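The sequence and the structure are shown first.

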Amino acid sequence: IEVAAPFAGVALDGARIVIQGYGNVGRPAAHFLAELGCVTVAVADSRGAVYAEGGLDLAQLDELKAEGRSVADYADAKQLTPEELVAVECEVWVPSARPDVFDRGNVDTLRAKLVAAGANIATTPEAEARLHARGIVNVPDFIANAGGVICAAMEYHGSTQAAVFDEIRERIRANTQHVLEASARDRKPPRQAAPE
């Protein structure tokens, strides 16, 4: 997201974030983005979704999840349907739990400048084409959530945790830059612009 933001014309300090899937992927993403000055305005888990225009308190969300509760139990936030969550106006939208979050039926309701897929196959091929046609920068799953594969390969070869994190950071940043440059240059969606 940090590398992709300039391609989308997004300044991360103050950027509004929507995260679908406040779990093992979405929760750390929210905290990382908060360190960059982003404000999480909407989140969802398997039991509900909430929105707060001024931002959600990540500590309260973390406490709810630690207690085995849903983000839908967040105090002083508007309850949302999955359809309403897609349409929340924001700068960055992070699908982090399930496939096919964006499809033909909802992609045109998306009001974001940047999508970064923490989930596998978060966007159908047709929706990816629409994102590109609408000028929404999309960092596909094979880049955005490749950390687990990189980690497994490095651990297999005996790398330290610090070395693994450094390698993940370096590779994902470089791959994001490379693919988004190719996408802009070739005027193709990122998945098609990526070298084989």
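The questions below concern a predicted model and proceed from the overall make-up to single residues.

Q: How many helices and strands does the secondary structure of the protein come to?
A: The protein has 196 residues, and buried residues make up 46% of them. Of the contacts with a separation of 6 or more, 49% are between residues 24 or more positions apart. The secondary structure comes to 9 helices and 7 strands.

Q: In what order do the strands form the open sheet?
A: The sheet is open and holds 7 strands, with mixed pairing. Its edge strands, each of which pairs on one side only, are strand 4 (78-80) and strand 7 (137-139). Neighbouring strands are turned against each other by 20 degrees on average, direction ignored. Read across the sheet, the order is 4-3-2-1-5-6-7.

Q: In which sense do strand 1 and strand 2 pair, and what is the hand of the crossover between them?
A: Strand 1 and strand 2 (residues 39-45) share 5 bridges in the parallel sense. Within this pairing, Ile 19 stands opposite Val 43. On the way from strand 1 to strand 2 the chain passes through helix 2 (residues 26-35). The pairing is parallel, and the β-α-β crossover is right-handed.

Q: Over how many bridges do strand 1 and strand 5 pair?
A: Strand 1 covers residues 16-20 and strand 5 covers residues 92-95. Ile 17 stands opposite Val 92 of strand 5, and the bridge partner of Gln 20 is Pro 95. The two strands pair in the parallel sense, and the number of bridges is 4.

Q: Is Gln 20 buried or exposed?
A: Gln 20 has its place in strand 1. Beyond its neighbours up to four places away in sequence, Gln 20 touches several residues, among them Ala 44, Leu 85, Trp 93 and Val 101. Its relative accessible area is 8%, and the limit for a buried residue is under 20%. Gln 20 is therefore buried.

Q: Which geometry does the aromatic pair of Trp 93 and Phe 102 have?
A: A search of the whole structure finds 1 aromatic pair. Its members, Trp 93 and Phe 102, lie 4.8 Å apart centre to centre, with 70 degrees between the planes. Both residues are buried. Planes over 60 degrees apart count as edge-to-face, so the pair of Trp 93 and Phe 102 is edge-to-face.

Q: Which parts of the chain does the salt bridge of Asp 108 and Arg 130 link?
A: The side chains of Asp 108 and Arg 130 meet at 2.8 Å, N to O. Asp 108 is partly exposed with a relative accessible area of 46%, and Arg 130 is likewise partly exposed at 34%. The two residues are 22 residues apart and belong to distant parts of the chain. These parts are the loop between strand 5 and strand 6 (114-116), which holds Asp 108, and helix 5 (residues 125-134), which holds Arg 130.

Q: What is the N to O distance in the salt bridge of Asp 73 and Arg 69?
A: Asp 73 is partly exposed, with a relative accessible area of 38%. Arg 69 is partly exposed too, with a relative accessible area of 34%. Their side chains meet in a salt bridge, and the distance from N to O is 3.6 Å.

Q: Which residues are linked in a network of salt bridges?
A: Side chains of opposite charge can pair when their charged atoms come close. A search of the whole structure finds 12 salt bridges. The residues linked in a network are Arg 16, Glu 89, Glu 91 and Arg 111.

Terms used. Residues numbered from 1 in each chain as written. Predicted model: local features only at pLDDT ≥ 70, side-chain atom pairs only at ≥ 80, totals over all residues. Heavy atoms only, no water. Pairing = 2+ DSSP bridges. Axes fitted to C-alpha atoms, helices over the stretch in contact; angles between N-to-C directions. Phe/Tyr/Trp six-rings, centres within 6.5 Å; stacked < 30°, edge-to-face > 60°. Buried < 20%, exposed > 50% of the residue type's maximum accessible area, 1.4 Å probe, protein only. Salt bridge = Lys/Arg side-chain N within 4 Å of Asp/Glu carboxyl O. Right-handed = clockwise from strand over helix to strand, strands pointing away. Contact = heavy atoms within 4.5 Å.
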